[in-house]
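This report describes the fold of one protein for a reader who is new to structural analysis. Please keep the sequence and the model in view while reading.

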Amino acid sequence: MIAHLNGLVVGIGLDGAVIEVGGVGLRVQCTPDTLATLKPGEQARVATSLVVREDSLTLFGFGTDDERNVFELLQTASGIGPRLALAMLAVHSPDALRRAVATEDLKALTMVPGIGTKGAQRIVLELKDRLGPPAEPAIGAANAPVRKAAQSWRDQVAAGLVNLGWSARDADGAIAAVEADFGDETPDVATALRAALRKLSRA
């Protein structure tokens, strides 16, 4: 198993990045939140999970080991494959997922496109004792600076929404609404994505 990559970011796409390690460019699929931390031409470390299929080898990348571990745990639930697990982490942080499962918050789980009420109930039933409790907030976390997204946050959010199953037209409308809410402030990608999903879920 490839547990992590530590190398030069040579390219970033709408749903992943290419990291060069030992002269080999490895493509990793990531959530918008993880992509927002990567910058072309800079060194980066991403935790990874390799998904092996008969016709493909797909490497998924994450900003932390915890995200990677939750990604792998989510796939132990019935009906949850790597794409849906990645979508869940695009919408919710690992601790938010732990909270939703621990408190049986079906509304939060069904915010993820592809998860209905029955699917959310199944996730709670199968993962409640496996994801563990949410971590306590770190001291000083409330005062930690918010991670800013790259200038292309709109493109990254649009790509994230399309990858989660929304149409490009719906994505554009939600992004415009989010942009109006934030005004001159530049949101980080994860915050903007979650705000756009809330708007789409109410549409």
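The predicted model contains 2 aromatic pairs, where rings of Phe, Tyr and Trp (its six-membered ring) pair if their centres lie within 6.5 Å. A pair of aromatic rings is described by the distance of the centres and the angle of the planes. One of the pairs is formed by F60 and F71, with 5.1 Å centre to centre and 40 degrees between the planes, a tilted arrangement. Planes under 30 degrees apart count as stacked, over 60 as edge-to-face and the rest as tilted. Because F60 belongs to strand 5 and F71 to helix 2, this pair ties together parts that are 11 residues apart in sequence.

Residues are numbered from 1 along each chain as its sequence is written. As this is a predicted model, local features need pLDDT of at least 70 and side-chain atom pairs count only at pLDDT 80 or more, while totals for chains, interfaces and linings use all residues; side-chain values use heavy atoms, with hydrogens and water left out.

How are the strands arranged? They form a closed barrel of 5 strands in the order 1-2-3-5-4, with mixed pairing. Neighbouring strands of this sheet are turned by 55 degrees against each other on average, direction ignored. Helices (H or I, at least four residues) and strands (E, at least two) are DSSP runs, numbered from the N terminus. Two strands pair if DSSP finds at least two bridges between them. Strands of a sheet pair through backbone hydrogen bonds, either parallel or antiparallel.

| Strands | Sense | Bridges |
|---|---|---|
| Strand 1 (residues 4-12) and strand 4 | antiparallel | 5 bridges |
| Strand 4 and strand 5 | antiparallel | 7 bridges |
| Strand 1 and strand 2 (residues 16-21) | antiparallel | 4 bridges |
| Strand 3 (residues 24-29) and strand 5 (residues 56-62) | parallel | 2 bridges |

Individual residues illustrate these pairings. L5 has V46 of strand 4 as its bridge partner, and L8 has E20 of strand 2. T48 is bridged to G61 in strand 5, and V28 stands opposite L59 in strand 5. A hairpin through 3 residues joins strand 1 to strand 2, and another through 2 residues joins strand 4 to strand 5.

Helices accompany the sheet. Helix 2 lies across strand 4 (43-53) and strand 5, and runs at about 10 degrees to strand 4. Helix 3 (residues 82-91) packs on the sheet and touches strand 3, strand 4 and strand 5, its direction making about 15 degrees with that of strand 5. Contact means heavy atoms within 4.5 Å. Axes are lines fitted to C-alpha atoms, for helices over the stretch in contact, and angles run from 0 to 180 degrees between N-to-C directions.

The axes of helix 2 (residues 65-74) and helix 4 (residues 94-102) come within 10 Å and cross at roughly 40 degrees. Helix 2 and helix 4 are therefore oblique to each other; angles under 35 degrees count as roughly parallel, over 145 as roughly antiparallel, 65 to 115 as roughly perpendicular and the rest as oblique. D66, E67, V70 and L74 of helix 2 meet P94, L97 and R98 of helix 4.

Finally, confidence: the protein averages a pLDDT (the predictor's confidence in each residue, from 0 to 100) of 83, and 91% of the residues score at least 70. Over residues 138-151 the pLDDT is below 50, and this stretch has 12 contacts in the model beyond near neighbours in sequence. Where pLDDT is low, the predicted coordinates should not be read in detail.
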